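This report goes through the salt bridges, the nonpolar core and the confidence of one model. The sequence and structure come first.

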Amino acid sequence: MTSKIVQRVESLAAHVSALRTRHRKLDRQILEEQHRPAPDYGKLRWLKARRLVLRDQVARYEGLMSSLKPLAGHSLARKGATAYQEGAA
């Protein structure tokens, strides 16, 4: 059984991955809109603002993960090498 900290780090990693996917999708939408003959500048502004919000969320969650990872490693190390290897798999 993994510790709550390890579960939290795994959950945050999954959330960051989903945010990055959404960020890439917005990048594609922005490029498509920019390459249209008559781009909708209101839509472009909204897409870019949303992309910035996602970028900020990714940065915030990555910072939180970086502060939790040492605690997660310590928690697993206390349970022994076997538990640590199971947690990494």
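## Salt bridges between helices

Glu62 has a relative accessibility of 30%, so this residue counts as partly exposed. The model is a predicted one, and in it the side chain of Glu62 forms a salt bridge with that of Arg20, at 1.8 Å from N to O. Glu62 belongs to helix α2 and Arg20 to helix α1, so that distant parts of the chain, 42 residues apart, are linked by this pair. Arg20 is also partly exposed, because its relative accessibility is 38%, between the limits of 20% and 50%.

Arg51 and Asp27 form another salt bridge, with 2.8 Å between the closest N and O atoms. Because Arg51 sits in helix α2 and Asp27 in helix α1, the pair ties together parts 24 residues apart in sequence. Arg51 is partly exposed at 24% relative accessibility, and Asp27 is partly exposed with a relative accessible area of 25%.

A search of the whole structure gives 5 salt bridges. One of them joins the side chains of Glu33 and Arg36, at 2.8 Å from N to O.

Arg36, at 42% relative accessibility, counts as partly exposed.

## Nonpolar core

The largest nonpolar core has 12 residues: Val9, Leu12, Val16, Leu19, Leu26, Ile30, Leu44, Leu47, Leu54, Val58, Met65 and Leu68. Two or more residues of this core come from each of α1 (4-34) and α2 (41-79).

Which residues does Leu54 contact, leaving aside its neighbours within four places in sequence? They are Leu19, Arg22, His23 and Leu26. Leu19 and Leu26 are, like Leu54, listed in the core.

## Confidence

The average pLDDT of the protein is 83, and 78% of the residues score at least 70. Confidence is highest in α1, at 93, and lowest in helix α3 (residues 81-88), where the mean is 48.

Over residues 81-85 pLDDT stays under 50. For these residues the model has 4 contacts beyond four places in sequence. Where pLDDT is low, predicted coordinates should not be read in detail.

Notes
Residues numbered from 1 in each chain as written. Predicted model: local features only at pLDDT ≥ 70, side-chain atom pairs only at ≥ 80, totals over all residues. Heavy atoms only, no water. Core = buried A, V, L, I, M, F, W, Y, C linked by side-chain atoms within 4.5 Å. Buried < 20%, exposed > 50% of the residue type's maximum accessible area, 1.4 Å probe, protein only. Helix = DSSP H or I, 4+ residues; strand = E, 2+ residues; numbered from the N terminus. Contact = heavy atoms within 4.5 Å. pLDDT = per-residue confidence, 0-100. Salt bridge = Lys/Arg side-chain N within 4 Å of Asp/Glu carboxyl O.
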